[in-house]
Amino acid sequence: MWKFIIIFIISLSAFDNAFAGQPDGIGEFIVTDINDKDSTLNKVRMFPPKFYRIGNGRRIEIKVCNEDSMQIRRVRCLLYYSGSGKRKCINKIWISPLEGNETYYFCMNIKLKLTKEEWSRLTFRIKRGKSYKDYRFSDTD
C-alpha cells in the first residue's frame, strides 16, 4: 500500500513541473512578421509551444512542421524577449534539416526569470539566411 502512495506522490510532483498548457495572460499563437522574398519558409509552420519548469529555469518544447515536399536545410529558431522597450535574444538553436512533410520537436532551456504574464512578450523566429518568420502570442486584453 505504501508503494502506491509513494508512486502517486512522485507522479504528482512530476506533473507539477509542467504549466497547464500555456501560462495565463496569453492568447493565440500568430504570425506577426514575415521577411521571405524567395518563399523558402512559406510552408514551414510553428505550433504553439509548451512550457515546462526545470529547477530554477524553464523549458520550452516547440513543434515545427515542413508542409512542403522538399527538404529545407540550415534553419534556426531564435527566441526573443521584449521587455522594457528592448529586444533581447535569449536563446537560439539550429534545427536539423526539415524533411518534406515531416514534423519536428525540439526544446529550448531558458534561465531568464519571467512571471506568467511576461511569457506573452516572447517572440519566436524561424530563420533561414536573411529570410525569417516571427510568431508571437496575441494579447488577451
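Student: In E8, which residue is the bridge partner of Leu 79?

Tutor: Phe 124 is the partner of Leu 79 in E8. Keep in mind that this is a predicted model. Six bridges join E5 to strand E8 (residues 122-128), and the two run antiparallel.

Student: How many bridges join E5 to strand E6?

Tutor: Nine bridges join E5 to E6 (residues 86-95), again antiparallel. One of the paired positions is Gly 83, whose partner in E6 is Lys 86. E5 and E6 form a hairpin with two residues between them. In the turn, Ser 84 has a positive phi of about 55°.

Student: Why is E5 described as largely enclosed?

Tutor: Start with side chains in general. In a regular strand they alternate between the two faces of the sheet. Now the case here. Seven of the nine residues of E5 (residues 75-83) are buried, so the rest of the structure largely encloses this strand. Cys 77 counts as buried because its relative accessibility is 0%.

Student: How many aromatic pairs does the structure hold, and how do I read one?

Tutor: A pair of rings is described by the distance of the centres and the angle of the planes. The structure holds five aromatic pairs. Take Phe 29 and Phe 124: centres 5.6 Å apart, planes at 70°, so the pair is edge-to-face. This pair links distant parts of the chain, with Phe 29 in strand E1 (residues 26-35) and Phe 124 in E8, 95 residues apart. Both residues, Phe 29 and Phe 124, are buried.

Student: What other ring forms an aromatic pair with Phe 124?

Tutor: Phe 137, also edge-to-face, at 6.4 Å centre to centre and 85° between the planes. Phe 137 lies in strand E9 (residues 131-139), so its pair with Phe 124 ties together parts 13 residues apart in sequence. Ring pairs link Phe 29, Phe 51, Phe 124, Tyr 135 and Phe 137 into a cluster.

Student: Which residue lies over the face of Trp 94?

Tutor: Arg 76, at 5.2 Å from the ring centre. Lys 63 lies over the face of Phe 47, at 4.4 Å from the ring centre.

Student: Where is confidence lowest, and where highest?

Tutor: Where pLDDT is low, the predicted coordinates should not be read in detail. Helix H1 (residues 2-16) is lowest, at a mean of 59, and E8 is highest, at 91. The chain's mean pLDDT is 80, and 78% of its residues reach 70 or more.

How values were computed
Residues numbered from 1 in each chain as written. Heavy atoms only, no water. Buried < 20%, exposed > 50% of the residue type's maximum accessible area, 1.4 Å probe, protein only. Helix = DSSP H or I, 4+ residues; strand = E, 2+ residues; numbered from the N terminus. Pairing = 2+ DSSP bridges. pLDDT = per-residue confidence, 0-100. Phe/Tyr/Trp six-rings, centres within 6.5 Å; stacked < 30°, edge-to-face > 60°. Lys NZ or Arg CZ within 6 Å of the ring centre and 35° of its normal.
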